[in-house]
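Here is a short report for a reader meeting this structure for the first time. Look over the chain before reading on.

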Amino acid sequence: MAALGYAAARQRLRSSPDTAGARSFAGRGRMICFGAGLLAVVVAVDGPPDVLSGVSLSAHMVQHLLLQLVAPPLLLLGAPLSLLLRADPPWLPRRALVRVLRSRPVRVLAHPLTALALFTFVLIASHLTPLYNLALEHQWLHELEHVTFFVTALLFWWPAIGVDPAPHRLSYPGRLLYLLVDMPVMAYLGLAIASSSRVLYPYYAAHPPPWGASPLQDQGVAGTIMWIAGTFTMIPAMAVVFLRWLDDDGRKQARREARPVPGAGQAPGAGPADGEPDRRHTPATAPAPPSRSAVP
């Protein structure tokens, strides 16, 4: 459904007279990013990581990281909100979407501090409390956990990516700090799981991996995956933000330099052009007489 809606909005925008919007938000690169994000979701919830998640913590970790660190930024790089606002499809009018984006719940949830707090809280609470093991034992709770991971990750990456309009927009330095603050959280969790001397989740103690590794060894691999993924996802993301910052500054500087300077190209002391009144010595522009000093 998401793919069909994106394709319909993209086709509508490309066939509209809005050529600037079509180039910016209906390009092939945007479409590839959005499609790759959807593919990551499908692989996570219906692919090998999901099949093996019941017998391997490392496979389960890959599943969660796909839902938190891979799919959301790719989907947001596809600029779906900007595409819908530009295309204004009849099944989701621009006015209705703007009303939702300006609503109080969205403004609160999409605030960078709220999004960062929710993402961090869900990450810690799900891995360091009995909730993780309960989700393994109850399918409905497992599905709810996936939805929570995915939604909070979308909220977290929304201000960091900065492509779509948002109720609160971060500056480029703010985005770098925003990503930097969360990086130690995943690194700490990964190291804590990898270095644990006991099996943290009893469910996996009774369901060892089929390839012969012990539950503790598989847990160490899962923690290492989380540590590496958390670190080596945030660093490239920060690099992309920094490069976009430089590119944006370069464009602004080019526009400033291309802006014509008033009076440029006219020789000093030259008179007005033919047909134009000479205003150089009118009272409005003549230098004012020196004022009297207030000191006697």
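## The core

A nonpolar core is a set of buried Ala, Val, Leu, Ile, Met, Phe, Trp, Tyr and Cys residues joined through side-chain atoms within 4.5 Å. Buried here means under 20% relative accessible area. The model is predicted. Its largest nonpolar core has 63 residues. Which of them touch the most other members? They are Leu69, Phe156, Trp157, Trp158, Tyr178 and Leu179.

Take Phe156 from that list. Residues up to four places away in sequence are set aside here. Phe156 then touches Ala115, Leu116, Phe119, Tyr178, Leu179, Asp182 and Met234.

## The overall fold

The chain has 14 helices and zero strands. Read along the sequence, the pattern is α-α-α-α-α-α-α-α-α-α-α-α-α-α.

How much of the chain is buried? Of its 296 residues, 39% are buried. Consider next the contacts between residues at least 6 apart in sequence. Of these, 71% join residues at least 24 apart. The accessible surface of the chain is about 17100 Å². Carbon and sulfur atoms account for 67% of that surface.

## Aromatic pairs

How many aromatic pairs does the structure hold? There are eight. One of them joins Phe119 and Phe156. Their rings are stacked, at 4.5 Å centre to centre, with 15 degrees between the planes. This pair links distant parts of the chain. Phe119 belongs to helix H9 (residues 112–127), and Phe156 belongs to helix H11 (residues 139–161). The two are 37 residues apart. Both Phe119 and Phe156 are buried.

Tyr132 and Tyr201 also pair. Their ring centres are 4.4 Å apart and their planes are at 25 degrees, so the pair is stacked. Planes under 30 degrees apart count as stacked. Tyr132 and Tyr201 are both buried. Ring pairs also build a cluster, made of Phe119, Phe156, Trp157 and Tyr178.

## A buried histidine

Is His64 buried or exposed? Its relative accessible area is 0%, so His64 is buried. His64 sits in helix H5 (residues 57–77).

What does His64 touch, leaving aside its neighbours within four places in sequence? It is in contact with His127, Tyr132, His142, Glu145, His146 and Phe149. Tyr132 on that list is also the partner of Tyr201 in the stacked pair.

## Salt bridges

The whole structure has three salt bridges. In one, the side chains of Asp88 and Arg94 meet at 3.8 Å, N to O. Asp88 has 25% relative accessibility, so it counts as partly exposed. Arg94 is partly exposed as well, at 37%.

Helix H14 holds Arg251 and Asp247. Their side chains form a salt bridge of 3.2 Å, N to O. They are separated by about one helical turn because they are four residues apart in the helix. Arg251 counts as exposed, at 51% relative accessibility. Asp247 is partly exposed, at 41%. Lys252 and Asp248 meet in a salt bridge too, at 3.5 Å, N to O. These residues are also four apart in helix H14, so about one helical turn separates them. Both count as partly exposed: Lys252 has 37% relative accessibility, and Asp248 has 21%.

## A nonpolar patch on the surface

Which residues form a nonpolar patch on the surface? They are Leu191, Trp227, Ile228 and Phe232. Together they have about 390 Å² of accessible area.

Helix H14 (residues 215–258) gives the most to this patch, with three residues. Phe232 lies in helix H14. Is Phe232 buried or exposed? Its relative accessibility is 55%, so Phe232 counts as exposed. The cut-off for exposed is over 50%.

How values were computed. Residues numbered from 1 in each chain as written. Predicted model: local features only at pLDDT ≥ 70, side-chain atom pairs only at ≥ 80, totals over all residues. Heavy atoms only, no water. Buried < 20%, exposed > 50% of the residue type's maximum accessible area, 1.4 Å probe, protein only. Contact = heavy atoms within 4.5 Å. Patch = residues over 30% accessible without salt bridge, like charges linked within 9 Å, V, L, I, M, F, W, Y side chains within 5 Å. Areas by Shrake-Rupley, 256 points an atom, 1.4 Å probe, with all protein chains shown as cover. Salt bridge = Lys/Arg side-chain N within 4 Å of Asp/Glu carboxyl O. Phe/Tyr/Trp six-rings, centres within 6.5 Å; stacked < 30°, edge-to-face > 60°.
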